[in-house]
Each structure stands twice: as structure tokens, then as C-alpha cells.
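Q: Hi! Could you walk me through the pockets in this one?

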Amino acid sequence: MTSSSSTPPLGRTDPARWRLKVSDGGRHVWHYLRDDEQLARWPQTVEDKYWLGLDVGLPELPRPTTPIESARNGLSFYRHLQSSDGHWAGEYGGPMFLLPGLIIGMYVTQTTIPEEWKVEMARYLWNRADKTDGGWGIHIEGHSTVFGTALNYTVLRILGVSAEHPMMVKARGTLHKLGGATGIPSWGKLWLALLNCYEWEGMNPIPPELWLLPDWMPIHPWRWWIHTRMVYIPMGYLFGKKFKAPLDPLIESLRQELYVEPYESIRWSAQRNNVAQVDVFAPHTMLLDTLMGVLSAYEGCNIPPIRRAGVRRAYELLCLEDENTSYQCLGPVNKMLNYVCRWNEEGHESEAMARHREKLKDFAWIGAEGMMMTGTNGSQLWDTSFIAQAMVDSGLAAEEENHDICRRLLQWLDDCQIREDPKHFKSCYRFSTKGAWPFSTKEQGYTVSDCTGEGLKGVIVMQEETGYLAKQVSQRRLRDAVDLLLTMPNRDGGFASYETINGPALLEKINPAEVFGDIMIEYSYPECTTSSVTALLKFRQIDGEYRRQDIDRVIDGAIRYILRKQRPDGSWYGSWAICFTYAAMFALESLSLAGLTYQTSEEVRRACEFLLGKQMDDGGWGESYKSCETGEYCHAAKSQVVNTAWAIIALLHAGYPEQGPLKRAVKLIMSRQQPDGSWLQENIEGVFNKNCAISYPNYKFSFTIWALGKAARELDWSEK
Ligand code: LAN
């Protein structure tokens, strides 16, 4: 508990009444059963209880004495968390700027917020408030910022918490000490402007006219990283319309609570570039400030028909996005911005709004600490394909008691593959999706290079290496995935996340978001590259002739990319989880494919030395999210099972010859295992855009089991 007062401001709901319903290829919706009869008809599963933080009541297992016994115990526990449809669900929280989008978005569109959501969201924010100053940061482990504090304070007020509640007094005090909400970063300015608690004049322009530029122009937004462009489409619309909620007593009151000066006396135009120091990660460049100066001057004399055409174009594009994703949208930010746009244009009763409203539920996840908004509608495919590979690699998939979970798992992976290109495809600058696996669900429907890679590997190992599962995903469909992957490498040989790199690096200089780094264009990543090429390699082993030369060429380019990306100290920077241990696991896997190991390669030896230099006294590795921010390895206060598992896998890929350090690491993981086979949640595992951590709670099962299984096989355990 990290709050000043001892009970959550709106109380709590009865945890025994929550149920996770899984449908439609992995869709997650949490239901609160008010009716006792329903309660009896729909019992709570171990999966529900686990994610709610309740006692799951699984038995103690015989104490493992070897790594494989430990892995087996881990899986005996983790098996119970498999959803009825075959995938693994999980709490995908961490960022603290998402719930505000959901709640402000619902408030300004007069959407009813269910009572149980209000209670549990308030409890979440209460649990997640900083122990000392009562504020919130950009993510659950970050220091308090204006972004986190002003927005989450606003959420609590909308949920019904009084401004006089002790936690609010404390949070407001912190916000004021940080200078008040005038210094909120640009995305926060936008949410507050929609709520009519900040003036549009205090925003740097977001001209929707950008979408009218010819496609060949290097700054055309279709060339931006997909998350950035999909967020700036609705932002452009809302800016063009100067959307704001009608004033009401709550808004009037927030206008006074959020600032250190009276709202009426704020000089708004002076706030455009005012961003609190504690918030800044990517400061404005001179180029950006100059550009914004020019655009602000244009605002004074913008040509109404062109503005209208820009707004129309933005609206058209966001409608196509809604339709392509069944109103799920690419992510939680554009989901809520599109939601407000559609409401503004088509009203509450429209078909579009009904569908959008239904899909709000997919992002509302209840955990032990309350309800949050998730980073995507889940991480279904990603988590499921890792455990698939961990089970096969450790040999546990072969054991009788796991046959059924593997069968269901394969069925789910089979259903999850995207079979065709998007409904609206070139018309909205989408990348091909035929053959892809997405990060979460097929319905969300975006190609991600490494998810396609991991999904493909998951299917191949299940179909080819378990010995008892049918080849239900056909050769043609495996080839579709390969065809898609072969279109994804960049000129540098690496793979980016969703698309190829389409814009110039110079675009990064006009990153207006202040709180995120490297968001303007795609970049190649060692992690995405490895997942993609290891999949191609696995495929080559079973369908050796298909596009052989293309595959060989791509693998070759990827290896060269990975080698180029290695730092002189032997490390690789990881972009999608924390951080150097994560990247090392991927990079060393790629290199091992090319025959580069400790024995044969100076680069691999350097990588091993880097890792060993970071091993902690207890035999584990523990890396802090600070590594991602600073670009330098930062130790966590304590070793972490997940980092330790990554380091073990990395060193095993490298063929590191000394067993001592590896065995100590394995023993550390074993020593943290609970009597029921599980591991406890430790620090946050993932990251994005350099500055925001995000939770992957399933990693403490998939990677520990994987590392233990691999170590059991590859090290000599004859004497303990
Ligand atoms: C994700 C989650 C998964 C992640 C991996 C597959 C792990 C990665 O290897 C490729 C990139 C990807 C798909 C990814 C990109 C950015 C996401 C979607 C996220 C980290 C989850 C949340 C984040 C998204 C951008 C959050 C909303 C914030 C904005 C800045 C729009």
C-alpha cells in the first residue's frame, strides 16, 4: 500500500464477484456479477483469482532439486492460468497516462462510467500514488511528474473523489510544487483542452492539413511511426475543431485546482512550450520550436476551406482505422481520441459509437490493486508464443500431462493468424497483414514483425517438435508468414516493429511529444530482427527450398546488422524491455545461428564479458528501467528472476563455457520459486519509447521456465 490514507477513496468492490470472460480469439472483458444467482452459475477460475491477487489455493508441490523439476513445477502452476480458449491472458498495465484518456474521453462524451469501474479505478490510483509525495509518474515505477499527477488527479475528481480528500490535498500540493498544470507536456495539454480545463491557445498547433500534403513529401505523416501518426490523426481533427466539453461545476472547479494561478489570469500563448523539467525526456529542438512558431503564425491566418479539408481527411482516416480494427484501434491512445472524434461528429446514438463503447471494455483490466487501462487490448499472442517455445525447448511439451494445453495452445495460435490484408489497405497507408501474427488479437489486426516471427515459431515447434499435434496450420499459411517477413527488412538489414522505415531520421528532430524518445519513425531493433530471422530459420528447416535465396540473404543482412549494433563494451541496447539483458538474449541468439559463439567469435566473447560483469553477488541479474532512460546499464536494487532468465538464455546461446556463473543464476531462480511452483511479481519488465515502462507479468513464468529447461538440457547437472 502506497497511500497516505488507509482506505481507498471510494472503497472497493467484492473481489469474489469479478470474472474474466474470454471470447472472439482472445478478447478480454472483466465482468462484475452483482446477481447472486449468476455468481453461483459462473464460478471463479484459478485464472480469475490469480489476476485478482486472490489466493488461488493450488497445492504445494514436491520441492524441486534439479532445474528441470523446477521448470516442471513452474509449468504445473502456470498451466492453470491458461484461458479456456488456449491463450494466456495477463495484466498489461504500467503506463500511467492511459487511464486519463479513458476517463476524460468518457466524461467529455457523456458516457456512463460503470460504478464498479469508478470504485476500482480510484483504488488503483490510490494504490499507485507515490508514497512520499502522493503524485503519479509516467509509469508505475517512475517519479511524480506533472503529466502523471495532473491527469490522474483529474481522473479521481471525475470518478467522484472530493478535492478535500487527504490523498487529493497531498497530490494537489505536489502538482503545485511542480508548477501546476500549465507545465504539462503536450499530450496532457490536449486531454485537458478537451476537458475544457486548458485553452487551445496554449497548445502548439497540430494542423490536420498535414494529411493533405502529397505522399512523396519526406515529412508526410504516413511516413511516421505508426503509433505516432495514428495518434496525431484524431489530434489534428480535435485541434481543427477546437473541441471542448461544455463547462460544468466540476470543470470550473478543476480549472482552479490544477493551477497555481487563477485560470483567468493565465497567459495561454506563453504556455505552448512550457513543459515542467521533471517531465521532459526529449526536449524540443530549435527546429521544432521554429516550425511551431511558423505554424502558430499560420493559425492566425489559416485558410478555412483548407482547414476544413484537413479536418475532413483526418476524420475519414480515423473512421477507416475504426473499421479496420472493429473499433479496437491500434492502441489505447488513438482508441480514446477516435472515440471523442466519432462522438463529436456522429453523436451518442450512432452505430459507430455503440461499437466503440463496447470495445472500451477490452482495455479495462482489474488487478490486485484495482482497475487500470491496458497498453493494448492485451499481449495475448506474444505471451502465448513464448510459453509454447519454452515448453517445447525444455521438453515439457512432450510430457503427457501437458498434451492438452499444447493442443489448445496450437488451436489458438492457428486462429490468431491474420489471413488477409486489411479491409481498408492502401487507402489508409496500412502495411500488409496477410500471414501475420499480431501482438494481441487477430481483431486488433496489425502486423508486428517480431510477433509474426514468434507466432510462426510457436506454430512450427508445436506442429513439428511435439510429435503428437497435427499440422493444422498449412504449409501455404506458413509460407504467407514468410512472404510477409521477407518484405520487412530495412536497408540496414534489421527489422523494425510494424513496418519498414519509411521516413527520414531528421523527422525525429520535430518530435513534439516531450515525454517519449524515438517515436517519429520506425527504427531497426535487434529484438525484432532476431525474432524475425530465427523464425525464417526455423521455417527453412522444414521447408528448405521455399524462397531459399531470399531467406539466406535476409538472414545474412540481419546478422550483419546485429554485429554493427553491438556497442564497444559488448552490449546491445534493448528497446522493448529492460534492457541490456533483454537485448543480449536476442542478439546472441541471432549470432549463434550464424555459428558465432564464445568459441568462434570475439564479439560474442565481449558480449559474455559484459553480461558477467553485471552478475550480482547472489548469482542473479537485476536491471532497472533506468537503463532504458539513460542508455547505460543500471542495476536494480535487487536481482530479478526475469533479467536472470534472459541472461541465462543469452549465455547459453553464446555457448559460454564456464558452468559456474550459469549454475549460480539457475539456483537463484530456483530459490525464488514458491512452494506452489509460481514466482512472485518483481519489478516492471517492459518498456517503450525509451521512457515508459510497461508490465509483462507473464515473463516471470515463460522465461524462467524456458531458462531452467534450457539450462537443464545444456549444462551438466550430474554433480550438484
Ligand atoms: C508495444 C508492445 C509490444 C511491442 C513488442 C512486440 C514487444 C516489440 O518488440 C515491438 C513493438 C511493440 C509491438 C509495442 C509498440 C508500442 C506499444 C504498442 C507497446 C509497447 C505497447 C504499448 C505501446 C503504445 C505505443 C502505447 C501507447 C502510447 C503511445 C505513445 C501512443
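This is a predicted model: local features need pLDDT of at least 70, side-chain atom pairs count only at pLDDT 80 or more; totals for chains, interfaces and linings use all residues.

Q: What volume does the largest pocket have?
A: About 620 Å³. A pocket here is an open set of points on a 1 Å grid over the protein atoms alone, where a 1.4 Å probe fits, with protein on both sides within 12 Å along at least five of seven lines. The volume is the space filled by probe spheres set on the points, which are joined across faces, edges and corners.

Q: And which residues lie nearest its centre?
A: Y50, G53, A368, Q681 and K700, out of 24 lining residues; lining means an atom within 4 Å of a point.

Q: Where does it lie?
A: Between domain 1 (58-87 + 570-715) and domain 2 (97-369), because both give residues to the lining. Domain bounds come from an automatic or database domain assignment.

Q: Switching over, what about the second largest pocket?
A: The second largest pocket has a volume of about 500 Å³ and 32 lining residues, with P205, P207, L210, M292 and L295 nearest its centre. Domain 2 (97-369) and domain 3 (378-565) both contribute to that lining, so the pocket lies between them.

Q: Which element gives the most to that lining?
A: α11, with 5 residues; helices are DSSP runs (H or I, at least four residues), numbered from the N terminus.

Terms used:
Residues are numbered from 1 along each chain as its sequence is written. Side-chain values use heavy atoms; hydrogens and water are left out. Helices (H or I, at least four residues) and strands (E, at least two) are DSSP runs, numbered from the N terminus.
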